[in-house]
Amino acid sequence: MNPADRAGYEQHPLLHQRVRDIATRMEGELVAVTHELHSHGTVRIAHIRPPGGVEWTTAADNIAPA
């Protein structure tokens, strides 16, 4: 896990690159990885935006280079 800044954004190595969401097999640009605090710990969320589509989220561990 990469460290997050004060706003909860992670400087992920695939940021602004084309990635594949392993869970859905969809592809798009990784626009952010955020850290959300929950009662059971920190959850890393990947925000992916396809060309001309609607952004979706998935677990950061579910992304791979496209």
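Two strands pair if DSSP finds at least two bridges between them. Strands β1 and β2 join through three bridges and run antiparallel. This is a predicted model. Strand β3 pairs with β2 over nine bridges, also in the antiparallel sense. Five salt bridges turn up in a search of the whole structure. The largest nonpolar core has 10 residues.

**Strand pairing**

- β2 covers residues 27-38 and is joined to β1 by three bridges.
- Arginine 20 has glutamate 27 of β2 as its bridge partner.
- Five residues lie between the strands of the β1 and β2 hairpin.
- β2 and β3 form a hairpin as well, with two residues between them.
- Leucine 37 has threonine 42 of β3 as its bridge partner.
- In a regular strand, side chains alternate between the two faces of the sheet.

- Arginine 44 sits in strand β3, which spans residues 41-49.
- Is arginine 44 buried or exposed? Arginine 44 counts as buried because its relative accessibility is 17%, and buried means under 20%.
- Its side chain makes a polar contact of 2.9 Å with the side chain of glutamate 10.
- A polar contact of 3.1 Å joins the side chains of arginine 44 and aspartate 61.
- Beyond four places in sequence, arginine 44 touches Met1, Glu10, His12, Thr34, His35, Thr58, Ala59, Ala60 and Asp61.

- Side chains of opposite charge can pair when their charged atoms come close.
- Glutamate 10 and arginine 44 form a salt bridge, with the closest N and O atoms 2.9 Å apart. Glutamate 10 lies in the segment before β1 (18-21) and arginine 44 in strand β3, so this pair ties together parts that are 34 residues apart in sequence.
- Glutamate 10 and arginine 44 are both buried.
- Arginine 18 forms a salt bridge with glutamate 27, and the closest N and O atoms are 3.2 Å apart.
- Arginine 18 is partly exposed at 43% relative accessibility. Glutamate 27 is partly exposed too, with a relative accessible area of 25%.
- Arginine 49 and glutamate 55 meet through their side chains in a salt bridge of 2.8 Å, N to O.
- Arginine 49 counts as partly exposed at 41% relative accessibility. Glutamate 55 counts as partly exposed at 32%.

**Arginine 20**

- Arginine 20 is found in strand β1.
- Arginine 20 is partly exposed, with a relative accessible area of 31%.
- Leaving aside neighbours within four places in sequence, arginine 20 is in contact with Arg25, Met26, Glu27, Asn62, Ile63, Ala64, Pro65 and Ala66.
- Glycine 52 is 32 residues from arginine 20 in sequence. Their C-alpha atoms are 16 Å apart in space.

**Positive phi**

- Most residues other than glycine have a negative phi.
- Histidine 16 is not a glycine, yet its phi is positive, near 65 degrees.
- Histidine 16 lies in the segment before β1. Histidine 16 counts as exposed because its relative accessible area is 53%, and exposed means over 50%.
- Arginine 25 also has a positive phi of about 65 degrees, although it is not a glycine.
- Arginine 25 is found in the loop between β1 and β2. Arginine 25 is exposed, with a relative accessible area of 72%.

**Nonpolar core**

- In soluble globular proteins, nonpolar side chains tend to be buried together.
- Which residues make up the largest nonpolar core? They are Leu14, Leu15, Val19, Leu30, Val33, Ala46, Ile48, Trp56, Ala60 and Ile63.
- β2 and β3 each supply at least two residues of this core.
- Isoleucine 63 touches His12, Val19, Arg20, Ile22, Leu30, Ala46, Ile48 and Thr58, not counting residues up to four places away in sequence.

How values were computed: Residues are numbered from 1 along each chain as its sequence is written. This is a predicted model: local features need pLDDT of at least 70, side-chain atom pairs count only at pLDDT 80 or more; totals for chains, interfaces and linings use all residues. Side-chain values use heavy atoms; hydrogens and water are left out. Helices (H or I, at least four residues) and strands (E, at least two) are DSSP runs, numbered from the N terminus. Buried means under 20% relative accessible area, exposed over 50%, partly exposed in between (1.4 Å probe, protein chains only). A polar contact is a pair of N or O atoms within 3.5 Å; within protein, one must be able to donate a hydrogen and the other to accept it, and residues adjacent in sequence count only if both atoms are side-chain atoms. Contact means heavy atoms within 4.5 Å. A salt bridge is a side-chain nitrogen of Lys or Arg within 4 Å of a carboxyl oxygen of Asp or Glu. A nonpolar core is a set of buried Ala, Val, Leu, Ile, Met, Phe, Trp, Tyr and Cys residues joined through side-chain atoms within 4.5 Å.
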